[in-house]
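This report describes a predicted model. It takes up the surfaces that face the DNA, then the chain contacts, the domains and selected helices.

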2 protein chains.
Amino acid sequence: MEKAHDVLIRNLGEHTGLAEEDMGEIRALTFMLRDFAPNEDFIRQGDEPEHSALVVSGMVARYHLLGSGRRQYLAFHLTGDLPDAQGLFIDQMDHGLSALGPASVAFIPHRELFIAFRRRPTFALAVWRETLRDAAIFREAITNNSARPMQTRMAHLFCELFYRARAAQLVRGNRCRMPISLTQLGETLGMAIATVNRTLADLRRSGAMDLRDGELVVLKWRELQRLGDFSPTYLHLKRQSPPHA
Amino acid sequence: MEKAHDVLIRNLGEHTGLAEEDMGEIRALTFMLRDFAPNEDFIRQGDEPEHSALVVSGMVARYHLLGSGRRQYLAFHLTGDLPDAQGLFIDQMDHGLSALGPASVAFIPHRELFIAFRRRPTFALAVWRETLRDAAIFREAITNNSARPMQTRMAHLFCELFYRARAAQLVRGNRCRMPISLTQLGETLGMAIATVNRTLADLRRSGAMDLRDGELVVLKWRELQRLGDFSPTYLHLKRQSPPHA
DNA sequence: CGCCTACTTGACTTACTTCAAAAACAGTGG
DNA sequence: CCACTGTTTTTGAAGTAAGTCAAGTAGGCG
């Protein structure tokens, strides 16, 4: 299946200029495709994976499990993302990965990746950059969850996801798939589920966005961006035109 | 000055086996040493640095500045850390760096690093790993600030800093330098300064630790670790004996 | 000594959590 | 097609932890 390789090339190309040779190297990689049901775990805290995952379709989440049993979501990943690239160099997983909605994920043997890195250092640098962008997103999440009021916090999350979805060409018109429950939203943003619901209701009432049937609809991008104190520089993507009004 | 190069070798050696050739390559790098006063900024949000910083002594902080003017600290760095390694591949800084107490920092030209990477790929991998460990620390901070109650949150931060200080051989007996104000603690943990003070008072009263005169004293490590729900696996350091009782 | 900053403490307020129950919805099997 | 079950969402009411505000103390420095 050619498409799986291309989503990776598209995503890395978002921040790194890839030569034809790099793309060839990527296309030669072995991809083992697997489909997952909503909320199915596929890498657990403590695992020592031998493969890197690539999101081919759907959404994938990374999360911590706490002593108290609470779950904390750390990041969400879209088509083209390598949600556990760090597994290449960090032996033991300090967090787990699961599918959010239904998702299909390609697994690439570390061994093959190392060989490809040796042959095409630019490819290695692209993946390195990818892990650095990841870290920038984590930093923003620290700030979001620590320093912003609830409404801003939630708006910011939706801004980020919508913006990234657009870059991944997953936005049609003004909407994209977003199969996330209120509980999960709470475990992402650090708020109680009742607050999640009320805050979301406020955002809907503002007319800037809606979240319904597992779909995010952005009605007034500029307004949502304002509400979320969102500025996309930290995503370090090639400039793209802002999402309409 | 030989010492500056050695702290980097020591730190990278904490997670990556370096060959003599790697060390030689590191020792050949140009280090421009600069001293900073407490709270002095040395890289700002928006900068496009041409050098990588290495903490030679003292503590260095990374922070976001928000639209509201609020400051959010993201991470603290100790002797041997490369607090802006990501600047090698991400052009524009999405956060700033400042000295916490008095600190001395070595600046290494990106150009030289790239050349060294080319010559000794293991060195590049060591730095890559370093950025990945960084990301693991960010992830933990998301969880800490989002999912843990105030007291646990604060205890966890001190556990992490003490543990890392020990790895960096900055702990003498049961204490290490920690030149951080209550305001900064609040801007790290996402709490109001009054709460910081009261929470810290609770921790002192527990007898597990103290913070005084810019020094962290750990009196009962196991107890502090319990209070902070702290488990050091996410730091991905070589196993070290736990800090005494 | 006096000024400035950092820390401490108290009283008040409020935003968020918790608890509880109802309503909407999705899936299953008759 | 509809009843039955379980899950997710919605709403309300009550309690509380943490924020805000304000004042006072202590420490560091010219």
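## Surface near DNA strand C

In this predicted model, H7(B) gives the most to the surface near DNA strand C, contributing 6 residues. Helix H7 (193–206) of chain A, helix H6 (182–189) of chain B and helix H7 (193–206) of chain B each supply at least two residues of that surface, which therefore draws on both chains.

Of the 15 residues around DNA strand C, those that come nearest are Ala192(A), Ala194(A) and Thr195(A) from one chain, with Ser181(B) and Leu182(B) from the other. Sorted by class, the surface near DNA strand C holds 10 nonpolar, 4 polar and 1 charged residues.

## Surface near DNA strand D

DNA strand D is surrounded by 14 residues, and the closest are Ser181(A), Leu182(A), Ala192(B), Ala194(B) and Thr195(B). Here H7(A) provides the largest share of the surface, 5 residues, while helix H6 (182–189) and H7 of chain A, together with H7 of chain B, each supply at least two residues.

The class make-up of the surface near DNA strand D is 10 nonpolar and 4 polar residues, with no charged residues.

## Contact between the chains

Where chain B meets chain A, 33 residues of chain B are in contact with 33 residues of chain A. On the side of chain B that touches chain A, strand E5 (71–77) and helix H4 (121–147) of chain B each supply at least two residues, and H4(B) gives the most, with 16 residues. By class, this side of chain B comprises 14 nonpolar, 13 polar and 6 charged residues.

## Domains of chain A

Chain A is divided into domain 1, covering 2–138, and domain 2, covering 149–235, and the C-alpha centres of these two domains of chain A lie 23 Å apart. Contact between them involves 15 residues of domain 1 of chain A and 15 residues of domain 2 of chain A.

On the side of domain 1 of chain A that touches domain 2 of chain A, strand E5 (71–77) and helix H4 (121–147) of chain A each supply at least two residues. E5(A) gives the most to this side, with 4 residues, and the residues of the side as a whole divide into 7 nonpolar, 5 polar and 3 charged.

## The annotated segment

An unreviewed UniProt entry carries the annotation "domain: HTH crp-type" for residues 148–222 of chain A. In the model, residues 148–222 of chain A are 56% helix and 15% strand, and the end C-alpha atoms of this stretch are 18 Å apart.

H4(A) has 27 residues and reaches 39 Å from its first C-alpha to its last, close to the 39 Å expected at 1.5 Å a residue. The helix is also mostly covered, with 23 of the 27 residues of H4(A) buried.

For helix H5 of chain B, residues 150–167, the 18 residues should span 26 Å at 1.5 Å a residue, and the end C-alpha atoms are 26 Å apart, which agrees. Because 14 of its 18 residues are buried, H5(B) is largely enclosed by the rest of the structure. Just after H5(B), Gln169(B) takes a positive phi of about 55 degrees.

How values were computed: Residues are numbered from 1 along each chain as its sequence is written. Chains are lettered from A and ligands numbered from 1 in the order in which they are written. This is a predicted model: local features need pLDDT of at least 70, side-chain atom pairs count only at pLDDT 80 or more; totals for chains, interfaces and linings use all residues. Domain bounds come from an automatic or database domain assignment. Two residues are in contact if their C-beta atoms, placed from the backbone, lie within 7 Å. Ala, Val, Leu, Ile, Met, Phe, Trp, Tyr, Cys and Pro count as nonpolar, Asp, Glu, Lys and Arg as charged, and the others, Gly among them, as polar. The expected span of a helix is 1.5 Å times one less than its number of residues. A residue is buried if 20 or more other C-beta atoms lie within 10 Å of its own, exposed if 12 or fewer, and partly exposed in between; C-beta atoms are placed from the backbone. A residue is near a molecule or strand if its C-beta atom, placed from the backbone, lies within 6 Å of it. UniProt positions are given in the numbering used here, feature names are shortened, and annotations may be inferred rather than shown by experiment.
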